[in-house]
Amino acid sequence: MNTEKSNKTQDDDLDDKLVDKLVSVGKGAAGLIPMIGGPLAEVVGNVIPGQRADRVAKYLRALSVRVEQLESTVQETLLEYPEKVDLIEEGGYQAARATSSKRIEMIVEAVSRGLTQDDADLVRRKRLLSLLGELDEDEMVLLHAYGRAYGSGEMNPFSEVNRPEPAYLGSSIEAIESEKLYESGLMHLLRMGLLTKNYGNLKKGQLPEFDAKKGDFKHRTEISYLGRMLLKEVGMPTELDSKRGNR
């Protein structure tokens, strides 16, 4: 890493200036970061509380590093494309709501990937960032676990998932509620099309076996192609997609 550049980045007083100026005045300090500061200045000053400005500063700083790695023609014309400005702003909104550095890294990865796209592709790829914004941390961990399970042969891909013990007849209210809340995250991923139900190979006209306990046909839950796209967009591709990307 270039030590001089790193020190310059960390000594830019961005955190303090975002709190002291952007929140109070609504513009100015974010302009310290070339090209990407202006659009976010209004966002931060108007809608982001002061206590969250440090998250936006972290996002801006990391995105600035990624922008510097882009081709000069992309850098110079960045603000000429409304869709790219909108993508940067959406990243700022999401960074302000982020509850972990890992989430901010995902946002930066998705935004920086989008900035290299043509307008037509970018309009659609922005949907991936929007999908990320609809998922909480627990749901992202769960989606990533399904991604780790996809074609990897990993022994315990769900090791990072904080899954409650299955409730049973006679379980406490707390245990039942914990299971239902966990399942709500799984159902959300299914509704968004990031996970899918695999009912196996069925003959024409054949229905899968019905599970009366679960109130659904028996199936396996797997990550969908859209889910794989989202994981790849935020820098967490499945093992299979990672290998394909290196070919």
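Lys102 has its place in helix α7, which covers residues 101–114. The model I am presenting is a predicted one. Lys102 is partly exposed, with a relative accessible area of 42%. Its C-alpha atom is separated by 9.4 Å from that of Glu137, a residue 35 positions away along the chain.

The secondary structure comes to twelve helices and four strands. The protein has 247 residues, and 38% of them count as buried. Among contacts with a separation of 6 or more, 65% join residues 24 or more positions apart. The protein exposes about 14600 Å², and carbon and sulfur atoms supply 49% of that area.

I turn next to charged pairs. How many salt bridges does the structure hold? The number is twelve, and I shall discuss some of them.

Arg66, by contrast, has a relative accessible area of 26% and is partly exposed.

A second salt bridge joins Arg148 and Glu160, with 3.7 Å between the closest N and O atoms. Arg148 lies in helix α9 and Glu160 in the loop between α9 and α10, so the pair ties together parts that are twelve residues apart in sequence.

The side chains of Lys243 and Glu239 form another salt bridge, at 3.3 Å from N to O. Here both residues lie in helix α12, residues 239–245, four residues apart, about one turn of the helix. Lys243 is partly exposed at 47%, and Glu239 is partly exposed at 34%.

The loop between α9 and α10 brings us to aromatic residues. A search of the whole structure finds one aromatic pair. The ring centres of Tyr146 and Phe158 are 4.9 Å apart and the planes stand at 85°, so the pair is edge-to-face. Tyr146 belongs to helix α9, residues 137–149, and Phe158 to the loop between α9 and α10, so this pair ties together parts twelve residues apart in sequence. Tyr146 is buried at 12% relative accessibility, while Phe158 is partly exposed at 31%.

I now come to a buried lysine. Lys84 is found in helix α6, residues 82–97, and counts as buried at 8% relative accessibility. What lies 2.9 Å from a polar atom of its side chain? The backbone oxygen of Leu115 does. Leaving aside residues up to four places away in sequence, Lys84 touches Val74, Leu78, Leu115, Gln117 and Leu122. Lys84 also lies over the face of Tyr81, at 5.0 Å from the ring centre.

Finally, I consider helix α11, residues 225–233. Its buried residues are Gly227, Arg228, Leu230, Leu231 and Glu233. The helix is followed by Gly235, whose phi is positive, near 85°.

Key. Residues numbered from 1 in each chain as written. Predicted model: local features only at pLDDT ≥ 70, side-chain atom pairs only at ≥ 80, totals over all residues. Heavy atoms only, no water. Helix = DSSP H or I, 4+ residues; strand = E, 2+ residues; numbered from the N terminus. Buried < 20%, exposed > 50% of the residue type's maximum accessible area, 1.4 Å probe, protein only. Polar contact = N/O pair within 3.5 Å; in protein donor to acceptor, adjacent residues only side chain to side chain. Contact = heavy atoms within 4.5 Å. Areas by Shrake-Rupley, 256 points an atom, 1.4 Å probe, with all protein chains shown as cover. Phe/Tyr/Trp six-rings, centres within 6.5 Å; stacked < 30°, edge-to-face > 60°. Lys NZ or Arg CZ within 6 Å of the ring centre and 35° of its normal. Salt bridge = Lys/Arg side-chain N within 4 Å of Asp/Glu carboxyl O.
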